[in-house]
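Trainee: I would like to learn how to read features from a model like this one. Could you take me through it, a feature at a time?

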Number of protein chains: 2
Amino acid sequence: MEPLQRIPTLSDIQETHESIAYLIHRTPVLKCRSIDDISGARIFFKCENFQKVGAFKMRGAAGALLRLSETDRQRGVATHSSGNHAQAVARAAKVLGIPAYIVMPENAPQIKRKATEGYGAQIVPCAPTVAARETMLEAVLARTGAVFIHPYNDYNVIAGQATAAKELLDDVADLDAVIAPIGGGGLMSGTALSTRYLSPGTKIFGAEPTEVNDAYRSLKAGKIEVNETTNTIADGLRTNLGEKTFDIISQHIDDIFTVSEEEIVQAMRLVWERMKIIIEPSCAVPLAAVLRHREVFAGRRVGIILSGGNVDLDHLPF
Amino acid sequence: MEPLQRIPTLSDIQETHESIAYLIHRTPVLKCRSIDDISGARIFFKCENFQKVGAFKMRGAAGALLRLSETDRQRGVATHSSGNHAQAVARAAKVLGIPAYIVMPENAPQIKRKATEGYGAQIVPCAPTVAARETMLEAVLARTGAVFIHPYNDYNVIAGQATAAKELLDDVADLDAVIAPIGGGGLMSGTALSTRYLSPGTKIFGAEPTEVNDAYRSLKAGKIEVNETTNTIADGLRTNLGEKTFDIISQHIDDIFTVSEEEIVQAMRLVWERMKIIIEPSCAVPLAAVLRHREVFAGRRVGIILSGGNVDLDHLPF
């Protein structure tokens with residue numbers, strides 16, 4: 001496989017899916033009658049909270065690393081993140097025997113740092129600012145020759161994230177709508193592509209917190225808008241779109257719904273209580289949108305991508 | 001089907017399983033590589049936390065109600081409980097169109113009361129003492145002619161609980177050991193019977209909190225011992241054995257392991273963090289025993305019955 005230089009095609013996604021199969025879980029699709037009763041919809045939850053490293057990010061990292069040349073693999077991979085992407089890159093790199101360098105703010109939670117180190121990655125600490133992080137990443141790339149694995153603005157990563165919706169659509173026929181959360185837009189882009197290719201009649205929706213509604217505003221404005229704050233509990237959705245994800249989302253998405261912080265926490269709690277599964281706040285955003293917009297979803301068969309389940313049990317919002 | 005007057009046979013359990021199939025979920029069996037690494041065992045988790053009403057109790061309640069005569073069904077069923085058994089009886093009764101009377105202490109959590117009422121059961125409040133509860137139950141039985149559905153000391157209930165281990169053994173071959181939590185002993189009795197019948201070479205273990213180790217002491221003493229306190233976070237395991245469950249457990253169980261409160265909370269947290277599923281404290285007790293007793297379980301294929309997932313998210317132990 002070669003690195004992708006274009007928006008992933010259906011066959012790119014299929015190829016990625018076959019190649020990463022041994023690095024990921026094929027996650028289950030769950031239903032919950034009581035949440036169906038509350039929402040009025042028939043919801044199919046694609047459980048990426050059960051994915052390796054606890055989030056869909058494993059798909060994109062695996063997809064990107066498998067497309068590296070032998071020379072690049074020897075040099076290694078690098079990224080900056082304190083979250084699920086860092087762990088996914090570290091884990092995929094470990095399995096593939098590729099050196100991994102993760103630039104992480106000095107104040108990142110000890111538990112995330114340890115988890116990433118546990119996968120054998122080399123942590124490169126930096127000051128907790130965006131500028132320091134980017135400078136340090138550049139230095140690491142210059143020193144090691146490693147390849148930067150962008151968390152979302154990368155066609156190889158997007159092709160990997162697309163495999164979650166592909167599996168959902170393989171497992172569940174006749175969905176009226178699919179909805180995913182939007183942070184940097186990697187999962188949303190992949191979800192949109194798989195859905196457009198495999199089930200052209202299915203509506204494609206995104207969901208994001210009102211507090212960080214950059215994608216909502218970008219779609220309306222026809223150009224990339226950025227967040228002015230990161231004031232949301234949904235810590236995976238604080239990033240802005242990149243030009244590749246904005247392009248795909250602009251082309252393929254039907255609408256974006258925004259939800260309040262309270263609605264996010266309520267939806268998260270509902271899933272914990274009724275489904276007995278753990279999802280992180282970012283992951284609850286699409287269900288919050290489905291519950292808020294009965295007029296769109298009631299009576300419909302709706303696929304929700306549950307993006308991840310990594311929460312800090314010492315700091316729960318309830 | 002007639003009510004069972006004897007220790008359930010294999011065919012009694014099979015008959016119960018077929019009859020309750022439409023009232024229960026066939027719950028999944030999950031594995032978790034990181035918990036296997038930590039324990040040194042190969043663990044198969046039978047997920048009754050995903051059962052209807054969030055606990056295995058649905059199996060026993062359904063099994064018992066389906067064996068009632070038409071006359072008894074018209075009179076109704078009654079029990080005293082503020083926990084999972086009450087909800088299970090209420091729900092099974094609702095589906096079967098049987099009146100249900102639940103004696104519940106006045107100080108029971110509002111959320112449990114509402115859930116039980118939500119299934120259409122009639123709540124009969126009583127003072128929060130054992131004596132008041134039993135007096136009130138007698139009064140309800142006298143007034144309504146309803147049949148008392150005991151939470152565990154009942155062969156029909158035990159045959160229902162036995163279907164969880166039956167499914168586990170149907171799904172997973174060659175288990176070296178099966179382990180379940182012990183409260184009143186209904187789940188443990190059913191687990192022991194199914195395992196003895198279907199996989200005679202498999203060891204059968206129980207687990208209970210050291211704080212309420214009545215079953216452990218009963219097994220050693222050869223007679224029913226009772227708890228002197230109820231000082232455990234595992235609120236489903238505070239009850240004492242009954243004579244029917246003591247009899248079955250004495251005959252069939254290989255050993256009982258006891259664990260500390262701290263070990264219970266650690267095991268619960270481990271499941272939440274690694275498996276991304278919600279289990280209640282009582283449910284974590286067998287895993288706590290497996291983690292503590294490496295010398296017994298390491299290198300073995302171990303089936304754990306995860307009994308339930310009903311927790312109060314406002315009062316978590318971490």
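**Reading a buried charge and its surroundings**

Mentor: Gladly! Let us start with Lys46(A), which is buried, with a relative accessible area of 0%. Keep in mind as we go that this is a predicted model.

Trainee: Which residue forms a salt bridge with Lys46(A)?

Mentor: The general idea comes first: side chains of opposite charge can pair when their charged atoms come close. Here the partner of Lys46(A) is Glu167(A), with the closest N and O atoms 2.6 Å apart.

Trainee: Is Glu167(A) buried or exposed?

Mentor: Glu167(A) is buried, because its relative accessible area is 1% and the cut-off for buried is under 20%.

Trainee: What does chain B have for Glu167(B) and Lys46(B)?

Mentor: Their side chains meet in a salt bridge, at 2.6 Å from N to O. Glu167(B) belongs to helix 8 (residues 155–171) of chain B and Lys46(B) to strand 2 (residues 42–47) of chain B, so this pair ties together parts 121 residues apart in sequence. Glu167(B) is buried at a relative accessible area of 1%, and Lys46(B) is buried at 0%.

Trainee: Which residues do salt bridges that share partners join into one network?

Mentor: In chain A, the network joins Lys46(A), Glu48(A), Arg59(A) and Glu167(A). One of its links is the salt bridge between Arg59(A) and Glu48(A), where the closest N and O atoms are 2.7 Å apart.

Trainee: Now the domains. What does the domain assignment of chain A give?

Mentor: To read an assignment, check the residue ranges before turning to the contact. Chain A has domain 1 (10–56 + 154–315) and domain 2 (58–148). The contact between them takes 28 residues from domain 1 of chain A and 16 residues from domain 2 of chain A. Their centres, taken over C-alpha atoms, are 24 Å apart.

Trainee: How many Å² do domain 1 of chain A and domain 2 of chain A bury between them?

Mentor: About 1700 Å², 57% of it on carbon and sulfur atoms. On the side of domain 1 of chain A, Leu23(A), Val53(A) and Asn156(A) lose the most area to domain 2 of chain A, together 36% of what that side buries.

Trainee: How many salt bridges and polar contacts are there across this interface?

Mentor: The interface of domain 1 of chain A and domain 2 of chain A has three salt bridges. Between these domains there are also 12 residue pairs in polar contact, counting pairs with both residues at pLDDT 80 or more. Helix 1 (10–20) and helix 8 (155–171) of chain A are the elements that give two or more residues to the side of domain 1 of chain A that touches domain 2 of chain A. Helix 8 of chain A gives the most, with seven residues.

Trainee: How many residues are in contact between chain A and chain B?

Mentor: 19 residues of chain A are in contact with 19 residues of chain B. The area buried between these chains is about 1600 Å², of which carbon and sulfur atoms give 58%. Lys276(A), Ile278(A) and Leu313(A) supply 42% of the area that chain A buries against chain B, more than any other three residues.

Trainee: And how many salt bridges are across the interface of chain A and chain B?

Mentor: Two. Asp314(A) forms a salt bridge with Arg269(B), with the closest N and O atoms 3.1 Å apart. The interface of chain A and chain B also has eight residue pairs in polar contact, both residues at pLDDT 80 or more.

Note on methods
Residues are numbered from 1 along each chain as its sequence is written. Chains are lettered from A and ligands numbered from 1 in the order in which they are written. This is a predicted model: local features need pLDDT of at least 70, side-chain atom pairs count only at pLDDT 80 or more; totals for chains, interfaces and linings use all residues. Side-chain values use heavy atoms; hydrogens and water are left out. Domain bounds come from an automatic or database domain assignment. Contact means heavy atoms within 4.5 Å. Buried area is the accessible area (1.4 Å probe) that two parts lose on being put together, summed over both. A salt bridge is a side-chain nitrogen of Lys or Arg within 4 Å of a carboxyl oxygen of Asp or Glu. A polar contact is a pair of N or O atoms within 3.5 Å; within protein, one must be able to donate a hydrogen and the other to accept it, and residues adjacent in sequence count only if both atoms are side-chain atoms. Helices (H or I, at least four residues) and strands (E, at least two) are DSSP runs, numbered from the N terminus. Buried means under 20% relative accessible area, exposed over 50%, partly exposed in between (1.4 Å probe, protein chains only).
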